[in-house]
Amino acid sequence: MDGRELKEYPGAKSLPSEMVVSPAKVCGIIKESETVRRLRLLITNKDFTFKAGQWVDFFIPGVPVVGGFSICSSPSLLKQESALELAVKYTSHPPSLWVHTKCVLGSEVALRVGGELFFDPQPSDSSVNLVLIAGGVGINPLNSILLHVADLHRQRESKGSGYEMGTVNLLYSAKNTGELLFKKSLLNLTNAFPGKIMCSFYVTQQTTEISEELLPYVTEGRISNKDLEKHISDERTSFFICGPPPMIEQFSHHLEACKVPKEHICFEKWW
């Protein structure tokens, strides 16, 4: 994500006026797909925190352009292991290029959290249902939200208290199944929380056979307006959309036309 337009989620709390800038060291690198590299970063500043759905400004020594990448990991990973993860798509933008061509284990950068679109319910908040709509690497902040939702479910199951989460439906579109990021993790979540977390994948340019494991979850073609309409239920449902601007324009306008309140349509887009 190189630029951003943000629409605030109604439950978002105001952010601190002074953002914490933390040094960070690359402690893991994974090839997430043919075009995406996933970094795990060790955060050294104990005051650094983020909420599920936020992004970071990414400062690279020697690179004058500041990167902007959505966090794809859960806040609990930061609390438990002082780490967070970013999945960065290859582009010619200098920060992305650095991640793909120069970044190695031990590389040092600095991070600052930003973003007013996030999901951070408090224990006393009313239960909500979420519909998460992702296009391409737009899955990053929504994956963070999904992982956080799973943590909320686990917390309630283990303690018998805490925030009571509604259902979550993910609609995720990519070029092909090879570009569906985090697909194994997403399927694990649907299996771990049946009826609570549901995933539907869409592929627009699939040229190879779809694996047996993925087949039940995959539709060939784009996410349609009708697919969205199936999930318009009641005032407890909020829609988070992240992906290319044309996709966001289409779905946000269609949801409004279907009388979904504007405050329940939350999006983040880049260009």
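These legends accompany several close-up views of one predicted model. Residues are numbered from 1 along each chain as its sequence is written, and side-chain values use heavy atoms, with hydrogens and water left out. In this predicted model, local features need pLDDT of at least 70 and side-chain atom pairs count only at pLDDT 80 or more, while totals for chains, interfaces and linings use all residues.

**View 1. Confidence along the chain.** The average pLDDT (the predictor's confidence in each residue, from 0 to 100) is 91. Of the residues, 92% score at least 70. Residues 1-15 have a pLDDT below 50. This stretch still has 57 contacts (heavy atoms within 4.5 Å) beyond near neighbours in sequence. Where pLDDT is low, the predicted coordinates should not be read in detail.

**View 2. Two cysteines without a bond.** The structure has zero disulfides (pairs of cysteine sulfur atoms within 2.5 Å). The sulfur of Cys-27 lies 10 Å from its closest cysteine sulfur, in Cys-103, which is too far for a bond. Cys-27 is partly exposed, at 41% relative accessibility. Cys-103 is buried, at 3%. Buried means under 20% relative accessible area, exposed over 50%, and partly exposed in between (1.4 Å probe, protein chains only).

**View 3. Helix 2 and its cover.** Helices (H or I, at least four residues) and strands (E, at least two) are DSSP runs, numbered from the N terminus. Helix 2 spans residues 94-101. Its buried residues are Pro-95, Ser-96, Trp-98, Val-99 and His-100. Their cover includes strand 3 (36-43), strand 5 (67-70) and strand 7 (108-114).

**View 4. Strands 4 and 5.** These strands pair (at least two DSSP bridges) in the antiparallel sense, over four bridges. Asp-57 stands opposite Gly-68 in strand 5. Gly-67 and Phe-69 point one way from strand 5. Gly-68 and Ser-70 point the other way, and all four are buried.

**View 5. The largest nonpolar core.** A nonpolar core is a set of buried Ala, Val, Leu, Ile, Met, Phe, Trp, Tyr and Cys residues joined through side-chain atoms within 4.5 Å. The largest has 41 residues, of which Phe-119, Leu-130 and Tyr-172 touch the most other members. Helix 3 supplies the largest share, seven residues. A second, separate core of 23 residues includes Leu-41, Phe-58, Leu-78 and Cys-103.

**View 6. Helix 3.** Helix 3 (residues 139-159) has 21 residues. From first C-alpha to last it reaches 30 Å, close to the expected 30 Å, which is 1.5 Å times one less than its number of residues. Gly-160 follows, with a positive phi near 75 degrees.
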